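Below is a briefing on a structure with its sequence. It is meant to be read beside the model.

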Amino acid sequence: MAKLTIDDLKKIKEKVHKEMSLRDGDRRVNVTVHMGTCGIASGAKEVMDTLLEEIEAAGVHDVVATTSGCMGLCSREPLVTVEALNQDPIKYEYVNPNKMRQIFKKHVLAGEIQTPFVLAKGSETIK
Amino acid sequence: MLTLADHILDITENSVRAGAKLIEISIDEDSRNDLLTIEIKDNGHGMSRDVLQKVLDPFYTTKTVRRVGLGLPLLKDAAERSGGTFLLESQENSGTTVKAIFGLRHLDRQPLGDIQNTIIILIISNSEVDFFYKHRHNDRRFGIDTREIRKEIEDIPINHPEIIKYIRGVIEEGLREIEPEA
């Protein structure tokens, strides 16, 4: 494979610019992987890797993956929050790569909440 | 934590929470001296002398959602377990440097792990922060600086899938060239 250079970056920029003008970059779903010390130690990184692979494989542009810190429920990590536009966030507990794939395909893409893995509905409140 | 990459992912969150705009992550593998050095340097708001003395206590944390703070103590322990040392420097309003030195070939040194995806996750989830990742293996060096990428892509966000794909490719090539032994 030829070495990647700054020129490649310029080509990517032009390509992305063309695509950006064709569609509005609306965020439909936000997926947050909780990545504090506790999350990372219990496998959140593998969950995040899986999520990024799934987003790329599905070729969707309206799903945004992000991370957050610990929210104090360390014993239930890895935790993942799925927040679809105009809906209450859903928190999933004890997530692993397989559950992540299922959550992505069923909940993020098809809108079906995966009840067996759900910890709670709503946002956490920080004191 | 199973790998050193996990520690890096974890410690870097401290830098982000300290409001850092630039985080430099350097990994230095020195086979001649049998040393592996990991340094995470940020330009966040730093810590006072008082706080600096407390952060290695596992029961000290700035968070209110739980009563323990294990990130730094775990990294310190990982370094010391491999016959290495741990250094922490911080200056209020200018930044913090965390340096962990490991015995490169020590039996109890954790493997480096998946550093490529670690850097990618850091860039994706902290798109407003710049990262400079440097990796040296004896006389071979590799580095990637998001400030340089940002200059080229102008208004495209750094966490755009196409840009991330490019960054992933660059890191993959760089690592292939320096052949890390950690």
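Predicted model: local features only at pLDDT ≥ 70, side-chain atom pairs only at ≥ 80, totals over all residues.

Residues are numbered from 1 along each chain as its sequence is written, and chains are lettered from A and ligands numbered from 1 in the order in which they are written. Helices (H or I, at least four residues) and strands (E, at least two) are DSSP runs numbered from the N terminus.

**Contact between chains A and B**

- On the chain B side 29 residues are in contact with 28 residues of chain A; contact is counted when C-beta atoms, placed from the backbone, lie within 7 Å.
- Two or more residues each come from α1 (4-17), α3 (71-81), α4 (115-125), α5 (146-153) and α6 (161-178) of chain B.
- The most come from α6(B), which gives seven residues.
- By type, this side of chain B has 14 nonpolar, six polar and nine charged residues. Here Ala, Val, Leu, Ile, Met, Phe, Trp, Tyr, Cys and Pro count as nonpolar, Asp, Glu, Lys and Arg as charged, and the others, Gly among them, as polar.

**Helix α4(B)**

- Ten of the eleven residues of α4(B) are buried, that is, 20 or more other C-beta atoms lie within 10 Å of their own; exposed means 12 or fewer, and partly exposed is in between, with C-beta atoms placed from the backbone.
- Among the buried residues are B:Ile115, B:Asn117 and B:Ser125.
- The cover over the buried residues of α4(B) includes α3 (44-58) and β2 (63-68) of chain A, together with α1, β5, α5 and α6 of chain B.

**The sheet of chain B**

- An open sheet of six strands has the order β3-β4-β2-β1-β5-β6 in chain B, with mixed pairing; strands pair if DSSP finds at least two bridges between them.
- Its edge strands are β3 (85-91) and β6 (140-145) of chain B, each of which pairs on one side only.
- Neighbouring strands are turned by 10 degrees against each other on average, direction ignored. Axes are lines fitted to C-alpha atoms, for helices over the stretch in contact, and angles run from 0 to 180 degrees between N-to-C directions.
- Strand β5 (residues 130-137) of chain B runs antiparallel to β6(B) and is joined to it by six bridges.
- B:Tyr133 is placed opposite B:Ile144 in β6(B).

**Helix α6(B)**

- This helix packs on the sheet, where it touches β5 and β6 of chain B, and its direction makes about 170 degrees with that of β6(B).
- The buried residues of α6(B) are B:Ile163, B:Tyr166, B:Ile167, B:Ile171 and B:Gly174.
- They are on the same side of α6(B) because they cover an arc of only 130 degrees around the axis, the arc being that of the directions from the helix axis to the C-beta atoms.
- B:Glu179 follows α6(B) and has a positive phi, near 40 degrees.

**B:Lys99**

- B:Lys99 lies in strand β4 (residues 95-103) of chain B.
- B:Lys99 counts as partly exposed because it has 16 C-beta neighbours inside 10 Å.
- Not counting residues up to four places away in sequence, B:Lys99 touches B:Thr37, B:Glu39 and B:Leu87.

**Chain A**

- Chain A has four helices and five strands, which run α-β-α-α-β-β-β-α-β from the N terminus on.
- Of the 127 residues in chain A, 31% are buried.

Terms used: Contact = placed C-beta atoms within 7 Å.
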